[in-house]
Amino acid sequence: MSVQNSHKIGGSPLRREDHVLVRGRGVFTDDVKLTNPLHVAFVRSQIASGEIVELETEDALEAEGVAAVHTGADVADLGSLSVNPVLPIKHLPPFSVLAQATVRGLGQPVAAVLGETALQAADAAELVYAEIEPTESSPILVAEKNWSNAQYEEAAAKADHVVSCTIQHPRLAPSPMEPRSIAAAYDAETDCVTVWHSTQTPHRTRSELAAILGIEAKRIRVIAPHVGGAFGMKASLYPEDVFVVWAALKHKRDVKWTATRSEEFLSATHGRGIKSEGELALSSDGTFLGLKAMVEGPVGAWLPNSGLITAWNAARVLPSGYAVPAQDITTQAVMNNLGPTGIYRGAGRPEANCLMERLIDKAAAVSGIDPVELRRKNLIPATALPHNTLTGNTLDSGDYAKALDVLCEAVDYPALLAEQTRCRAEGQLVGIGIGFYLEPSGNGWETARVTLNEDGSVVVASGSSSQGHGRETAFAQIAADALNIDIDQISVLLADTAKTPEGIGALASRSTAIGGSAVLKACEEITSRLEASEALPITADVRYENKGQAWGYGAYLAQVSICRSTGELSVERITCVDDTGTIVNPKLVEGQILGGLAQGLGEALMESIVYDEDGQLLTGSFMDYAMPRAADIPTIDIHKFETPSPMNALGAKGVGEAGTIGAPAAILNAAVDALRPLGVTDLTMPLTSQSLWRAIRSAEQGKS
């Protein structure tokens with residue numbers, strides 16, 4: 001049978017998911033129909049730190065439609081959520097499903113009301129009286145790590161230039177279209193539950209629920225139906241999720257909870273918020289001699305599974321793709337009493353990248369060397385890859401300088417500089433910003449079960465999952481290519497613990513590289529068994545583990561203009577160059593780049609969670625928290641090339657987070673470049689018109 005090339009690896013068939021989703025026929029967790037379910041409403045702390053003096057629930061219990069009200073004492077014996085110890089942990093905050101005697105974070109649930117309808121539960125929750133005595137709180141060091149070759153101070157002493165900068169990333173709300181949601185159906189015959197969960201990690205949901213509730217995992221089936229975005233925010237289990245399943249088992253009834261948007265701002269995990277300080281030492285000819293960096297990442301009153309990943313990545317990705325002989329890099333995760341923080345698309349990669357790229361632009365300014373040439377001079381050459389870093393990474397493959405070369409050719413860099421000079425002569429505030437980046441994808445294992453049936457149909461069951469990536473399409477392409485059959489003969493099963501092999505899930509740009517490799521290896525096994533004359537049907541079960549992380553990379557350029565009188569910044573153009581290894585589907589890759597870039601632009605220009613001095617949330621809705629709209633997205637010119645990674649069978653590298661990593665640094669560098677003629681050397685994101693107007697006024701007054 002001939003196979004259309006567009007259906008194989010490297011082609012762009014239409015996404016098989018779209019015919020359902022674009023017609024509004026998707027089934028999300030809140031759409032799941034349960035049998036006479038109880039609905040949950042949580043009573044949340046209105047202060048950030050305090051002792052619970054009194055908790056009155058009698059009025060709520062007497063309210064119409066209320067089945068039960070639970071407090072911390074009812075769930076005090078539940079277990080804790082596991083945390084990935086990527087950093088040495090000094091203090092692990094407790095995981096409380098409902099607050100016990102102490103409140104440690106704004107928005108922490110202190111009670112839960114179960115009602116026959118969602119409105120009845122919400123109304124009754126208003127009747128719960130919680131008296132909480134405010135207490136003083138201090139930051140607590142949760143985890144810390146240092147990487148050093150003890151040579152930085154010597155390098156800095158010998159350097160011709162030492163530049164420094166501090167970057168405070170805004171705290172961000174991931175804001176997927178679908179808020180958190182969970183529905184538990186209780187089966188009285190088996191005393192088991194089927195759980196529908198809006199999650200990136202259904203198998204993790206199952207194992208963590210079993211461990212926390214102290215029951216056998218076989219009593220829990222988890223299904224992730226259509227998931228309306230996640231971005232890392234849905235990678236972990238939340239206290240609210242645990243309560244819903246606990247309540248279903250305790251009351252032997254179906255139970256359901258869907259967060260309101262206000263609850264998402266208040267109690268879902270935030271991203272970014274990292275503060276980074278750095279120094280870069282270099283010689284007069286532009287050779288990098290040493291890097292010193294200090295990273296502080298905020299964590300909240302409890303740690304998600306990946307709660308330490310952001311602080312870890314923000315340090316260990318340094319010094320990016322550059323050769324820097326002397327390094328002293330420290331990272332800390334510090335607990336505060338604001339909202340919880342976790343991974344958010346990029347998860348430390350944008351933070352590391354911004355610090356390095358800002359230092360390089362500062363070095364270019366003091367040395368007089370063109371920013372592109374300074375980067376090219378210090379990038380690790382292709383001949384030196386693979387390269388082992390001080391922070392324990394292996395940079396696998398690629399040609400970093402080629403990304404800059406392709407970028408400069410795409411924008412006609414000399415002509416762009418000439419045009420900038422002309423505009424500046426006319427008094428315009430225009431800037432050009434460069435941002436090279438690295439994107440490490442996930443490490444470890446993933447599973448696939450592939451069955452070739454007698455009628456020629458194929459079923460691919462993966463331990464990974466999808467939140468709108470087009471994963472079903474990509475995995476079908478991999479199988480079609482490996483088995484040399486038409487893509488329409490292939491069905492793909494994801495995100496149901498009863499129908500798929502155990503897996504990790506979709507996070508850290510790992511699913512195509514590792515999950516796709518598992519599918520490939522399973523198909524190769526089937527081919528081998530066919531060649532050995534084995535009769536159909538044939539099923540191959542594969543647990544594939546990669547050799548190490550695959551490192552995508554690229555270079556972004558942003559052109560901006562800033563209105564001198566209002567401070568309004570306009571991104572005129574963004575040009576992207578990405579090496580994502582083997583590309584399964586070019587259209588899906590472009591979609592990931594565009595989506596990530598929109599979120600990177602949001603951080604750079606407008607998004608920021610704000611608390612007042614008393615710890616109260618000021619940005620609790622989209623009336624106060626700005627998000628980019630379609631009209632805010634500039635012209636985007638995408639270029640890509642492929643250097644297969646030796647770290648996985650498919651040769652793929654991550655791309656899901658590329659835009660969030662490359663865009664903020666390029667835009668921030670461009671904004672500083674635009675205001676450099678006024679004497680501005682540093683700016684803080686988000687680059688709002690108000691902050692830029694103040695920077696312009698301050699610079700002009702300083703000159704006068």
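A charge is taken to sit over a ring if NZ of Lys or CZ of Arg is within 6 Å of the ring centre and within 35 degrees of the ring normal. Lys-402 meets this criterion, lying over the face of Phe-641 at 4.4 Å from the ring centre. Arg-543 lies over the face of Trp-445, at 4.1 Å from the ring centre. The structure is a predicted model, in which local features need pLDDT of at least 70 and side-chain atom pairs count only at pLDDT 80 or more, while totals for chains, interfaces and linings use all residues. Residues are numbered from 1 along each chain as its sequence is written, and side-chain values use heavy atoms, with hydrogens and water left out.

Aromatic pairs were searched for over the whole structure, and 14 were found. Rings of Phe, Tyr and Trp (its six-membered ring) pair if their centres lie within 6.5 Å; planes under 30 degrees apart count as stacked, over 60 as edge-to-face and the rest as tilted. The ring centres of Phe-42 and Phe-243 are 5.7 Å apart and the planes are at 75 degrees, so this pair is edge-to-face. Phe-42 belongs to strand β1 (residues 38-44) and Phe-243 to helix α6 (residues 239-251), so that the pair links parts of the chain 201 residues apart. Helices (H or I, at least four residues) and strands (E, at least two) are DSSP runs, numbered from the N terminus. Phe-42 is buried at 9% relative accessibility, and Phe-243 is buried at 0%, where buried means under 20% relative accessible area, exposed over 50% and partly exposed in between (1.4 Å probe, protein chains only).

The rings of Phe-95 and Trp-302 also form an edge-to-face pair, with centres 5.6 Å apart and planes at 75 degrees. Phe-95 is in the loop between β3 (66-71) and β4 (102-103), and Trp-302 is in the loop between β16 (288-299) and α8 (309-316), 207 residues apart. Phe-95 is buried at 9% relative accessible area, as is Trp-302 at 10%. One aromatic cluster is formed by Phe-288, Tyr-322, Tyr-400, Phe-436, Tyr-553 and Phe-641; Phe-641 is the ring under Lys-402.

Helix α9 (residues 349-367) packs against helix α10 (residues 371-378) at an angle of about 115 degrees, with the axes 9 Å apart. Axes are lines fitted to C-alpha atoms, for helices over the stretch in contact, and angles run from 0 to 180 degrees between N-to-C directions.
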